[in-house]
Amino acid sequence: MSSPATEAGVHAETWRFIAMALAEPAADSMELISEQPYQPEWLTPALGELATVALDAWQGEHTRLFTFPAVCPPFASPFLEDGMLDGHRAGELERFYGQFDLAIQGLPADYLGTMAEFIGFFLEKDDTSAAADFYREYLADWLDRFCDCLEGHAEFTFYRELAGEIRRQAKGLRP
């Protein structure tokens with residue numbers, strides 16, 4: 001993959017990294033994460049820690065944190081609608097994505113990984129204004145609570161540091 005030509009391109013890679021880091025771990029996840037263009041300083045020690053645990057332990061932590069009923073659901077609806085999954089925010093996002101002829105399959109539309117990919121989409125097009133608008137409209141009212149949850153409940157450094165990374169990237173989208 002070639003280097004992004006703009007600062008927005010760098011941030012696009014970062015949001016894609018976030019989306020990948022939220023995905024369910026598989027046998028090749030460490031390698032895929034290590035090959036991403038975005039490599040924050042915290043990643044090497046965090047992956048070092050993950051290398052000392054069995055894949056099923058990493059998968060178990062991912063399930064505990066993110067699979068509904070989850071300790072820290074990576075979806076807007078549970079934070080905004082008393083723990084409900086696939087709520088009003090998911091419906092709003094389905095309609096929004098539809099404006100771009102995108103149909104979300106497999107997970108509710110308010111899944112943070114999908115939203116991170118969509119922010120990356122805007123930033124790749126060097127449309128920081130659209131990315132910031134998307135953040136304000138669909139993430140600003142719940143993302144800090146998700147990060148607080150992840151920092152407070154994650155057993156692995158990888159997920160605690162990921163919460164900090166999400167915070168840093170979101171700060172760049174705030175007015």
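What follows is a short tour of some cysteines, a core, a helix pair and a few loop residues.

## About the model

This is a predicted model, in which local features need pLDDT of at least 70, side-chain atom pairs count only at pLDDT 80 or more, and totals for chains, interfaces and linings use all residues. Residues are numbered from 1 along each chain as its sequence is written, and side-chain values use heavy atoms, leaving out hydrogens and water.

## The disulfide

Let us begin with the cysteines. The structure holds one disulfide, a term for a pair of cysteine sulfur atoms within 2.5 Å. Its partners are Cys72 and Cys149, whose sulfur atoms are 2.2 Å apart. Because the torsion about their S-S bond is about -85°, the disulfide is left-handed. Cys72 sits in the loop between helix H4 (55–66) and helix H5 (76–80), while Cys149 belongs to helix H9 (residues 143–153), so the pair ties together parts that are 77 residues apart in sequence. Helices here are DSSP runs of H or I with at least four residues, numbered from the N terminus.

Both Cys72 and Cys149 are buried. Buried means under 20% relative accessible area, exposed means over 50%, and partly exposed is in between, using a 1.4 Å probe and protein chains only. Cys147 is buried too, with a relative accessible area of 0%.

## The nonpolar core

In soluble globular proteins, nonpolar side chains tend to be buried together. In this model, the largest nonpolar core has 54 residues, and those with the most contacts inside it are Phe134, Leu143, Phe146, Phe158 and Tyr159. Such a core is a set of buried Ala, Val, Leu, Ile, Met, Phe, Trp, Tyr and Cys residues joined through side-chain atoms within 4.5 Å.

Take Tyr159 for a closer look. Leaving aside residues up to four places away in sequence, Tyr159 touches Ala21, Pro25, Trp58, Glu61, His62, Leu65, Phe66, Leu150 and Ala154. Contact means heavy atoms within 4.5 Å.

## Helices side by side

Helix H7 (residues 112–124) packs with helix H8 (residues 128–138) at an angle of about 155°, their axes 7 Å apart. Axes are lines fitted to C-alpha atoms over the stretch in contact, and angles run from 0 to 180 degrees between N-to-C directions. H7 and H8 are therefore roughly antiparallel to each other, the word used for angles over 145 degrees. Met115, Phe118, Ile119, Phe122 and Leu123 in H7 meet Thr128, Ala130, Ala131, Phe134 and Tyr138 in H8.

In H6, the buried residues are Arg89, Ala90, Gly91, Leu93, Phe96 and Tyr97. They pack against H5, H7 and H8.

## Aspartates in the loops

Most residues other than glycine have a negative phi. Asp86, although not a glycine, has a positive phi of about 60°. Asp86 lies in the loop between H5 and helix H6 (88–98) and is partly exposed at 43% relative accessibility. Asp101 also has a positive phi, near 55°. Asp101 is found in the loop between H6 and H7, and is exposed with a relative accessible area of 74%.

Finally, Asp28 lies in the loop between helix H1 (7–22) and helix H2 (29–34). At 38% relative accessibility, Asp28 is partly exposed. Asp28 and Leu55 are 27 residues apart in sequence, and their C-alpha atoms are 9.9 Å apart in space.

Notes. Helix = DSSP H or I, 4+ residues; strand = E, 2+ residues; numbered from the N terminus. Parallel < 35°, antiparallel > 145°, perpendicular 65-115°, else oblique.
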